[in-house]
Amino acid sequence: VRSSGKSSEKTSMENNESRDSRASRPQPPWQSFLFFLLMAFAAPSAAEAARRVAVLEFAGTGTDQAVMRLLSDEVRAGLLKETRGRTYEGDTISVMTRENMLDVMEQMGKGPDCIQGSCEVAVARSIGADYVVSGELVRLESLYILSIKFHETAGGELMSVQGVREA
């Protein structure tokens with residue numbers, strides 16, 4: 001899986017953030033994927049219901065579990081930042097925390113391994129999520145390949161896939 005452009009290219013959102021003094025650190029290469037997710041959820045308006053988004057724990061080959069947790073946390077934090085105060089079709093957007101997902105899984109009698117990437121849509125449905133983000137990081141010698149997927153759970157539709165390669 002390859003990124004649609006060079007990872008060093010900045011989206012217009014990133015360019016705006018670079019003008020902000022708080023954005024002095026480099027942006028993650030998957031920032032454009034988070035921007036896509038934001039656009040999938042429309043503009044702010046008043047809302048009554050909530051659309052739940054689950055970010056599953058990322059899977060990894062040749063990488064440390066701590067790195068996988070960090071990546072899923074970074075995506076979760078990015079979604080929280082980008083969706084705060086926004087709605088989709090009149091519904092607020094709620095990003096589920098790892099703790100929320102673990103609590104729901106425990107109530108269902110399932111272990112924490114159930115919130116990892118395999119069977120993304122089924123797992124997300126079982127915890128009441130409307131959308132699910134999953135990812136996988138593969139390390140091949142000095143090359144890292146990150147693939148992030150975004151599904152709608154009601155119909156199981158794959159809405160987006162973003163890939164990033166970094167050496």
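Let me start with one residue. Arginine 51 is buried, with a relative accessible area of 17%. Keep in mind that this is a predicted model.

Who is its partner? The side chain of arginine 51 meets that of aspartate 91 in a salt bridge, 2.8 Å from N to O. Arginine 51 sits in strand E1, residues 50–55, and aspartate 91 sits in strand E4, residues 91–95, so this pair ties together parts that are 40 residues apart in sequence. Aspartate 91 is buried too, because its relative accessible area is 17% and the cut-off for buried is under 20%.

Next pair. Arginine 98 and glutamate 57 meet through their side chains in a salt bridge, at 2.7 Å from N to O. This one also links distant parts of the chain: arginine 98 is in helix H4, residues 98–107, while glutamate 57 is in the loop between E1 and strand E2, and 41 residues separate them. Both arginine 98 and glutamate 57 are buried.

A salt bridge joins the side chains of arginine 76 and aspartate 73, 2.8 Å from N to O. Both belong to helix H3, residues 65–83, and they are 3 residues apart, about one turn of the helix. Is each one buried or partly exposed? Arginine 76 is buried, with a relative accessible area of 5%. Aspartate 73, at 31%, counts as partly exposed.

Two of these pairs belong together. Glu57, Asp73, Arg76 and Arg98 are linked in a network of salt bridges.

As for the total, the count comes to 7 salt bridges. I have shown you some of them, including the one between arginine 51 and aspartate 91.

Methods. Residues numbered from 1 in each chain as written. Predicted model: local features only at pLDDT ≥ 70, side-chain atom pairs only at ≥ 80, totals over all residues. Heavy atoms only, no water. Salt bridge = Lys/Arg side-chain N within 4 Å of Asp/Glu carboxyl O. Helix = DSSP H or I, 4+ residues; strand = E, 2+ residues; numbered from the N terminus. Buried < 20%, exposed > 50% of the residue type's maximum accessible area, 1.4 Å probe, protein only.
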